[in-house]
Amino acid sequence: MRKQDQSTRRRFLGLAGSAAVLGSVPAVTLRPAEATPATLASAIRNVVGGAVVRTGKVKLDLPPLVENGNTVPMTVSVSSPMTPDEYVKSIHVFNEKNPQPNIGNYYFGPLAGRAQVSTRIRLADSQKIVAIARLSDGSFWSTSTDVVVTLAACTDEVI
Amino acid sequence: MPSALINVPRHAKRGEIIEIKTLMSHIMETGYRHTANGDVVPRDIITSFSCRFNGAEIFRADLFPAVAANPFITFFTVANDSGKFEFEWIGDKGFAETASASITVE
């Protein structure tokens with residue numbers, strides 16, 4: 001009797017877990033303009049002004065699960081021919097929950113050859129990272145990715 | 001010990017896209033940590049990095065406290081001519097470092 005109870009409970013939890021996963025995926029993908037903390041929104045507004053930011057062209061590579069938030073490898077790239085007529089002017093990377101919303105601004109010229117930069121960043125919490133690219137024709141393109149951080153960067157650590 | 005590590009290919013074919021890797025030794029103190037007495041440890045970060053080739057800027061970056069210690073930055077450029085890359089890091093408390101690397105384009 002007891003054994004049967006456990007198996008149904010386990011099965012129920014398994015079903016509930018998979019339902020939660022299935023439920024959360026569309027919620028993320030269907031809300032690109034999801035409400036974000038005010039600091040992130042204002043930092044993005046400082047860069048783009050009132051321009052329309054479209055989704056696409058930008059690729060943000062971050063590990064989905066980060067063990068140590070003190071040094072997280074990040075690569076951001078934009079698909080662009082990088083010719084004098086058509087190139088990426090800059091890429092701006094933002095976060096949601098660090099003490100400051102900015103991670104980095106990267107400026108390119110037509111001589112850059114490839115609109116791609118790699119670096120290592122700090123993440124204070126599990127959060128969303130947003131990358132926005134400004135193209136030479138004045139358009140803005142963006143992408144975002146969610147990162148789970150198990151050990152946060154110690155921003156308020158006592159030393 | 002040199003504080004900067006630069007990795008640029010020595011030779012390249014004309015028109016080839018090459019990768020440049022840079023590493024600068026720096027604590028990148030965020031300004032959000034405090035001592036046991038409660039005093040805030042003042043911010044001490046590199047705020048700006050730039051790379052010029054034969055005097056023309058090819059890449060520039062603004063850095064923030066969210067950049068990890070010992071900032072590692074890699075980027076690309078087109079090898080059109082032989083010449084010299086000059087790198088510059090500028091930061092808080094008067095921090096300023098430069099480095100350079102040469103390339104031969106065939």
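Mentor: pLDDT is the predictor's confidence in each residue, on a scale from 0 to 100. This is a predicted model, in which local features need pLDDT of at least 70 and side-chain atom pairs count only at pLDDT 80 or more, while totals for chains, interfaces and linings use all residues. Residues are numbered from 1 along each chain as its sequence is written, chains are lettered from A and ligands numbered from 1 in the order in which they are written, and side-chain values use heavy atoms, with hydrogens and water left out.

Trainee: What pLDDT does chain B average?

Mentor: In chain B, 98% of the residues score at least 70, and the predictor gives the complex an ipTM of 0.93 and a pTM of 0.82. The average pLDDT of chain B is 93.

Trainee: Which are the edge strands of the open sheet of six strands?

Mentor: Strands are DSSP runs of E with at least two residues, numbered from the N terminus, and two of them pair if DSSP finds at least two bridges between them. The order is E2(A)-E4(A)-E7(A)-E6(B)-E3(B)-E1(B), with antiparallel pairing. Each edge strand pairs on one side only, and these are E2 (58-61) of chain A and E1 (4-7) of chain B.

Trainee: Which residue in E6(B) stands opposite B:Leu23?

Mentor: Strands E3 (residues 16-24) and E6 (residues 72-79) of chain B pair in the antiparallel sense over eight bridges. Opposite B:Leu23 stands B:Phe72.

Trainee: Is B:Arg33 buried or exposed?

Mentor: B:Arg33 lies in the loop between E3 and strand E4 (46-53) of chain B. Buried means under 20% relative accessible area, exposed over 50% and partly exposed in between, with a 1.4 Å probe and protein chains only. Because its relative accessibility is 18%, B:Arg33 counts as buried.

Trainee: What angle lies between the planes of B:Phe49 and B:Phe59?

Mentor: Rings of Phe, Tyr and Trp (its six-membered ring) pair if their centres lie within 6.5 Å, and planes under 30 degrees apart count as stacked, over 60 as edge-to-face and the rest as tilted. B:Phe49 lies in strand E4 and B:Phe59 in strand E5 (residues 56-63) of chain B, so the pair ties together parts that are 10 residues apart in sequence. The pair is tilted, with 6.2 Å centre to centre and an angle between the planes of 55°.

Trainee: Over the ring of which residue does the charged end of A:Arg114 sit?

Mentor: A charge sits over a ring if NZ of Lys or CZ of Arg is within 6 Å of the ring centre and within 35 degrees of the ring normal. The charged end of A:Arg114 is 4.4 Å from the centre of the ring of B:Phe76.

How values were computed. Helix = DSSP H or I, 4+ residues; strand = E, 2+ residues; numbered from the N terminus.
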